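Here are some notes to read alongside the structure.

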Amino acid sequence: MSSVAKFKPAADFVSKAHIKSLDEYQKLYDESIKNPDAFWTKKAEDLHWFKKWDKVVDFDFRKGEVKWFIGGKTNVSYNCLDRHVLAGHGAKTALIWEGNDPTESKTYTYAELLTEVKKCANVLKAHGIKKGDRVCLYMQMIPELAISMLACTRIGAIHSIVFGAFSSESLRDRINDSSCKMLITQDSGVRGVKQDIPMKINADAAVAECPSIEKILTVKRTGHKVDMQSGRDIYWHDEIAKVNDDCPAEEMDAEDPLYILYTSGSTGKPKGVLHTTGGYIVYASLTHKYVFDYHEGDVYWCTADIGWVTGHSYIVYGPMANRAITMMYEGVPNYPDYGRFWQIVEKHKVNIIYTAPTAIRALMKEGTSWPEKHDLSSLQLLGTVGEPIKEADWNWYNEIIGKKRCPIVDTWWQTETGGILITPLPGATATKPGSATLPFFGVQPVILDEQGNELEGEAQGLLAIKAPWPAMLRTVYGDHDRFMQTYFSRFPGYYFTGDGARRDEDGYYWITGRVDDMLNVSGHLIGTAEVEGAIGRTEGVAEAAVVDFPHEIKGQGIYAYVTMMTGVEADDATIKAINESVTKHIGPHAKPDKIQFTPALPKTRSGKIMRRILRKIAEGAVDQLGDTSTLADPTVVESLVSQRK
């Protein structure tokens, strides 16, 4: 990889950076590994604790046991809001909300946000929500979503946010898995050209099969008329008007649960990733400060949806713990036109933008005229998340958006990790397009071979982590056996990430993608089994197999091979029905990009589908199919190749 260009941080950026050199990074990194107690004590003391911890960390990866700041008492809502207001910063901007409509935006100060959060917390308490109860949040990107999160954390309720594009069935399954007591939603949503996303309708359909739900709290976003069931359904504005804004923050143990967030599993059943309180907020705030080199007054915009972990850690919790000006955006990159992101940057004088390669590709495809119409001179730093960024996309981002003066931080992490694990530090790390570069403080990545041996120096293999970091998940909600099986069973003593990686001559890490049956579509992790199951519910479908293939916008697209029942002919109506089934059971983001109908799938004699072959066909690499002699019927491959989409 020595031929890859290296980009050094610009001198004027370095001069004001928190960490100004690779030597400074190395010194801090070494301390975080060799003396984690001292390192994390110093960092945790920047936050507020009702009671200091007795011990920094205790873990045993062989048993799946991890604890941080043991015995410490704190509260995430207090650290994100009260702490700043009590220190005299209440008048400072906390949240800038930009609506789908370019003429609509709102700003909240830290004091205003604290008042709203206290009122919301009192509404939750008035309806029986107490510490340890689960509350499901199913909303688009509206301010009430952030307010609800912080209100839950204030009283010790555990929030479970379900992405607003998920179907009612996906919502139902997630509510039932964690027995949520309340659902908070909105009447309907707007996003891009969609002006009536049926949020409450979906919620009602889900809750019809959710016996644990006692109340549905509904925000009036559009004013569209929705059904309100007497005794169960209540409106946000009515309830907020009934309560005061006196609500002390609950003292939470550092290891008390903070939130559950569902991520796709390779078995088809989503996993409820559980994050806890103390370690998570310490790590989210520290990574936000150093990775984005955040300084007071910077306008910071993470374009993610709060329905994903990126929005949890880097729209709400990390930035607000740092008293940042954080933005949330209701719409999409191309509404009302492909200049929307850049119009927002100009309007709010955004200094830091954190977005996904899939968004960059979609905007890049439209050429340079859109960004050239807007003043992007406020930008100081660019970030990417969700998947490795390709060199061409990196160069466009660097040259057209950053004007070659903004460092790019290409961050690697997961829902399970709670925060960024491998990343450049913008004032210290020379970057290489496509590489996540070096580990963050306290993170000890290793590359393993298939037998679990650690590989030294330049190497390619399986990415694992050999020691805990404060924000890592503690379990899969209600299923610790699955937690152990998924993350700790393949390589005992290590957290296995499920990703492959390469380490180059400079010690830089390059993520090579998932090694199990998972798809990474536009940064959304989707289980192949989930998609196959949804396709299989379509009338007339006998069997389906899905694989990924290179997609110029999404990074990976979904290629579905579908076998129909004997005597059933596939037509355009079948394709429509398949897409409707996937949308209904998972959501529109999981619809196949290509569907190839086939009378049979390539299987071994034991009945295992040879996905390797399907993937090569989908990629168009038909000269790399390898050995097909183990197939029960090798002629199936010829048919698949000739009919390839």
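1. Let's begin with strand 17, residues 325-329, in this predicted model. Five of its five residues are buried, so strand 17 is largely enclosed by the rest of the structure. Which way do its side chains point? I325, M327 and Y329 point one way, while T326 and M328 point the other way, and all of them are buried.

2. Strand 17 has parallel partners to look at. Strand 4 (residues 93-98) pairs with strand 17 in the parallel sense over four bridges, and W97 stands opposite M328. Strand 16 (residues 299-302) also pairs with strand 17 in the parallel sense, over three bridges; here Y300 has T326 as its bridge partner. Between strand 16 and strand 17 the chain passes through helix 11 (residues 309-321), and this β-α-β crossover is right-handed.

3. Zooming out, these strands belong to an open sheet of seven strands with mixed pairing, in the order 5-4-17-16-18-19-20. At the edges stand strand 5 (105-109) and strand 20 (408-410); each has a single partner strand, so one side of each is left without a neighbour in the sheet. On average, neighbouring strands of this sheet are turned by 15° against each other, direction ignored.

4. Elsewhere in that order, strand 18 (residues 352-355) and strand 19 (residues 381-384) run parallel and are joined by four bridges. I352 stands opposite L381 of strand 19. Helix 5 (residues 110-126) packs on the sheet, where it touches strand 4 and strand 5, and its direction makes about 90° with that of strand 5.

5. Strand 12 pairs with strand 11 (residues 215-219) in the parallel sense over three bridges, and L217 stands opposite I234 in strand 12.

6. How do helix 7 and helix 8 pack against each other? The axes of helix 7 (residues 168-178) and helix 8 (residues 199-207) are 8 Å apart, at an angle of about 50°. The two helices are therefore oblique to each other, and helix 7 passes helix 8 in a right-handed crossing. The contact is made by S168, L171, R172 and I175 of helix 7 together with N202, A203, A205, A206 and V207 of helix 8.

7. Is A359 buried or exposed? Its relative accessible area is 11%, and buried means under 20%, so A359 counts as buried. Leaving out residues up to four places away in sequence, A359 touches P333 and F341. A359 and V117 are 242 residues apart in sequence and 31 Å apart in space, C-alpha to C-alpha.

Note on methods:
Residues are numbered from 1 along each chain as its sequence is written. This is a predicted model: local features need pLDDT of at least 70, side-chain atom pairs count only at pLDDT 80 or more; totals for chains, interfaces and linings use all residues. Side-chain values use heavy atoms; hydrogens and water are left out. Buried means under 20% relative accessible area, exposed over 50%, partly exposed in between (1.4 Å probe, protein chains only). Two strands pair if DSSP finds at least two bridges between them. A crossover is right-handed if, with the strands pointing away from the viewer, the path from the first strand over the helix to the second runs clockwise. Axes are lines fitted to C-alpha atoms, for helices over the stretch in contact, and angles run from 0 to 180 degrees between N-to-C directions. Angles under 35 degrees count as roughly parallel, over 145 as roughly antiparallel, 65 to 115 as roughly perpendicular and the rest as oblique. A crossing is left-handed if the near helix is turned anticlockwise from the far one by less than a right angle, and right-handed if clockwise. Contact means heavy atoms within 4.5 Å.
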